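Hi there,

Here is the structure I promised to pass on. Have a look at it first, and my notes follow below.

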Amino acid sequence: KHSIRDNELEVSIERLPSETSLHVIDEQTKKIKQKIVPTGNIKFTYKSCVDYYVYCLSTVYDFRLFDDFDNADCCLIIKEPLQFEDLLVTKIQEKLPGWSALAKTVSYIDPLNAKEQSIDVCFSKHFRYTYQKEYRIVFVPPSVEALKLDHIFIEIKNLKNCAEIIILEKFYSKNS
């Protein structure tokens, strides 16, 4: 599905030709030599300078989200979000000492109407996903040197005080 194949490491916006000014600069004088008139929208892509881990959640319980994740067979309902976040961050930081955790709701941007200063690559997403009401916990390495990140596994032994798992019946029905 398209909704789970988006790239959390970059965000693109576009500018209309009427909002863009392009020029050729004279190398000698450093003055404008020629104005270039764009023939279409100009795309700008903001990329994170470092790879990071991201844990994505939704702040709503919406049946539409189950359709986004075809292979989903369960859902974790978090009843105590701050307690859950603290447990998750603690476990991740045990595996990744020195990494920082940042958490907040995602900002949904209209790529034709976004303000550059409002774009935070880790927490921005195309507005076609607004219905997801996403909250992210991002784990950033202590330095920006290139890392090849592989998947990691953590185990939180007891979530009974802060969460409940819901198993989707359709995956366990003999008639489906």
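Tyr-61 is partly exposed, because its relative accessibility is 47% (buried means under 20% relative accessible area, exposed over 50% and partly exposed in between, with a 1.4 Å probe and protein chains only). Before going further, please keep in mind that this is a predicted model, where local features need pLDDT of at least 70 and side-chain atom pairs count only at pLDDT 80 or more, while totals for chains, interfaces and linings use all residues. Residues are numbered from 1 along each chain as its sequence is written, and side-chain values use heavy atoms, with hydrogens and water left out.

Back to the rings. Five aromatic pairs turn up (rings of Phe, Tyr and Trp, the last by its six-membered ring, pair if their centres lie within 6.5 Å; planes under 30 degrees apart count as stacked, over 60 as edge-to-face and the rest as tilted). One of them joins Tyr-61 and Phe-66 edge-to-face, at 6.1 Å centre to centre and 80° between the planes. Phe-63 and Phe-66 make a tilted pair, because their centres are 6.3 Å apart and their planes stand at 35°. Both of these Phe residues, Phe-63 and Phe-66, lie in helix α1 (residues 63–68), three residues apart, which is about one turn of the helix. Helices here are DSSP runs of H or I with at least four residues, strands are runs of E with at least two, and both are numbered from the N terminus. Phe-63 is exposed, with a relative accessible area of 60%. Tyr-61, Phe-63 and Phe-66 together form one aromatic cluster.

Next, the sheet. Strands β5, β10 and β7 form an open, antiparallel sheet in the order β5-β10-β7 (two strands pair if DSSP finds at least two bridges between them). At the edges are β5 (53–58) and β7 (100–105), each pairing on one side only. From one strand to the next, the twist averages 15°. Between β7 and β10 (residues 134–140) there are six bridges in the antiparallel sense, and Ser-100 stands opposite Val-140 in β10. Helix α2 (residues 81–95) lies across β5, β7 and β10, at about 25° to β10. Axes are lines fitted to C-alpha atoms, for helices over the stretch in contact, and angles run from 0 to 180 degrees between N-to-C directions.

What is packed inside? The largest nonpolar core has 13 residues, and Tyr-53, Trp-99, Ile-137 and Phe-139 touch the most other members (such a core is a set of buried Ala, Val, Leu, Ile, Met, Phe, Trp, Tyr and Cys residues joined through side-chain atoms within 4.5 Å). β5, α2 and β10 each supply at least two residues of this core, and α2 gives the most, with four. Leaving aside neighbours within four places in sequence, Phe-139 is in contact (heavy atoms within 4.5 Å) with Tyr-52, Tyr-53, Val-89, Ile-92, Trp-99, Ser-100 and Ala-101.

Now for the charged side chains. The structure holds eight salt bridges (a side-chain nitrogen of Lys or Arg within 4 Å of a carboxyl oxygen of Asp or Glu). One of them joins Lys-79 and Glu-164, whose closest N and O atoms are 2.9 Å apart. This pair links distant parts of the chain, 85 residues apart: Lys-79 is in the loop between β6 (74–78) and α2, and Glu-164 is in strand β11 (residues 163–167). Lys-79 is exposed at 51% relative accessibility, while Glu-164 is partly exposed at 37%.

Lys-104 and Asp-120 also meet in a salt bridge, 3.5 Å from N to O. Lys-104 lies in strand β7 and Asp-120 in the loop between β8 (107–109) and β9 (124–126), so this pair ties together parts that are 16 residues apart in sequence.

Where are Lys-125 and Glu-134, buried or exposed? Both are buried, and they form a salt bridge with the closest N and O atoms 2.5 Å apart. Salt bridges that share partners join Glu-8, Lys-125, Glu-134 and Arg-136 into one network.

Finally, two backbone details. Lys-30, in the loop between β2 (22–25) and β3 (32–36), has a positive phi of about 60° although it is not a glycine. Lys-133, in the loop between β9 and β10, likewise is not a glycine and has a positive phi of about 45°.

Best wishes
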